[in-house]
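Me: I have a structure open and would like to go through it with you. Can we take it piece by piece?

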Amino acid sequence: MRSGISRSINRRRINRFNIIIMGLHIGKYRFGYGREQAESKIEGLGIAQDENGNNYPTHKHTITKLGYEVLEEAVYDGEEVVSETVFGEGFLVDVLWRDLEEDEDGSVDHPYDWKTFEVNINSEGIHGFLGLKYQDLKF
């Protein structure tokens with residue numbers, strides 16, 4: 001059985017590999033003016049249209065639109081709804097960033113103007129990217 005220190009060192013090596021070699025980062029964002037604001041920022045990353053007029057991304061990032069933030073969960077009594085879900089105005093988005101450009105000092109940060117919308121949580125949150133850990137890959 002390996003010690004906790006050994007597992008911790010190996011985990012750091014794997015995380016460093018993900019960040020440096022694979023160029024992966026995870027960001028969680030809240031857009032206070034709703035879905036339209038989120039869509040505008042996403043489109044700003046680059047889109048094109050196919051011959052049928054359908055938009056598709058021209059970037060390598062993976063974007064998951066989580067929807068409007070839930071302020072209060074619905075309450076049920078059996079199958080009867082006692083109170084409905086209460087949604088806020090903030091629209092939540094998770095992004096798996098790939099191969100972002102390094103600054104002059106070698107550091108990597110959010111694309112232009114995305115940091116403004118970043119939320120920093122102390123858990124993995126309600127969504128993940130194929131087992132990648134937000135806490136390990138966040139900015």
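Me: Which residue in β7 does I26 stand opposite?
Reply: I26 stands opposite L96 in that strand. Keep in mind that this is a predicted model.

Me: How many bridges join β1 to β7, and which way do the two strands run?
Reply: Strand β1 covers residues 24-31, and eight bridges join it to β7. The two run antiparallel.

Me: What about β4 and β7, how many bridges there?
Reply: Eight bridges join β4, residues 62-72, to β7, and this pair also runs antiparallel. One of the contacts puts I63 across from V95, its bridge partner in β7.

Me: Where do the side chains of a strand point, in general?
Reply: In a regular strand they alternate between the two faces of the sheet.

Me: Ok, stepping back. How many helices and strands does the protein have?
Reply: There are three helices and seven strands. Read from the N terminus, the order is α-β-α-β-β-β-β-β-β-α.

Me: And how much of it is buried?
Reply: The protein has 139 residues, and 27% of them count as buried.

Me: Change of topic. How many salt bridges does the structure hold?
Reply: Seven. One of them is between R30 and E69, with the closest N and O atoms 2.7 Å apart. That pair links distant parts of the chain, since R30 is in strand β1 and E69 is in strand β4, 39 residues apart.

Me: Is E69 buried or exposed?
Reply: E69 is buried, because its relative accessible area is 17% and buried means under 20%. R30, its partner, has a relative accessible area of 33%, so R30 is partly exposed.

Me: Which residue does K41 form a salt bridge with?
Reply: K41 pairs with D113, and the closest N and O atoms are 3.4 Å apart. This one also links distant parts of the chain: K41 is in helix α2 (residues 35-43), D113 is in the loop between β7 and α3, and 72 residues separate them.

Me: Is K41 buried or exposed, then?
Reply: K41 counts as buried, because its relative accessibility is 16%. D113 is at 35%, so D113 counts as partly exposed.

Me: What is the phi of D113 like?
Reply: Phi of D113 is near 70°, which is a positive value in a residue other than glycine.

Me: Ok. Where is D99 found?
Reply: D99 is in the loop between β7 and α3. Phi of D99 is near 50°, again a positive value in a residue other than glycine.

Me: Which side chain does D99 meet in a salt bridge?
Reply: The side chain of K60, at 3.0 Å from N to O. K60 is in the loop between β3 (55-57) and β4, 39 residues from D99, and the pair links distant parts of the chain. As for accessibility, D99 is at 44%, so D99 counts as partly exposed.

Me: Which residues do salt bridges with shared partners join into one network?
Reply: R35, E39 and K65 are joined that way.

Me: On to the surface. Which residues gather in the patch of negative charge?
Reply: E102, D103, E104 and D105 make up that patch. D105 is found in the loop between β7 (86-98) and α3 (134-137).

Me: Is D105 buried or exposed?
Reply: D105 counts as exposed, because its relative accessibility is 64% and exposed means over 50%.

Me: What makes up the nonpolar surface patch?
Reply: Y68, V70 and F87 do, and the patch comes to about 280 Å². F87 is in strand β7.

Me: Last one. Where is N120 found?
Reply: N120 is in the loop between β7 and α3. At 54% relative accessibility, N120 counts as exposed.

Me: What separates the C-alpha atoms of N120 and Y134?
Reply: A distance of 9.9 Å, with the two residues 14 apart along the chain.

Methods
Residues are numbered from 1 along each chain as its sequence is written. This is a predicted model: local features need pLDDT of at least 70, side-chain atom pairs count only at pLDDT 80 or more; totals for chains, interfaces and linings use all residues. Side-chain values use heavy atoms; hydrogens and water are left out. Patches are made of residues with over 30% relative accessible area and no salt bridge: like charges are joined within 9 Å, nonpolar side chains (Val, Leu, Ile, Met, Phe, Trp, Tyr) within 5 Å. Accessible areas come from the Shrake-Rupley method with a 1.4 Å probe; for residues, only the protein chains shown count as cover. A salt bridge is a side-chain nitrogen of Lys or Arg within 4 Å of a carboxyl oxygen of Asp or Glu. Lys and Arg count as positive and Asp and Glu as negative; His and the chain ends are not counted. The place of a charge is taken as NZ of Lys, CZ of Arg, CG of Asp or CD of Glu. Helices (H or I, at least four residues) and strands (E, at least two) are DSSP runs, numbered from the N terminus. Buried means under 20% relative accessible area, exposed over 50%, partly exposed in between (1.4 Å probe, protein chains only). Two strands pair if DSSP finds at least two bridges between them.
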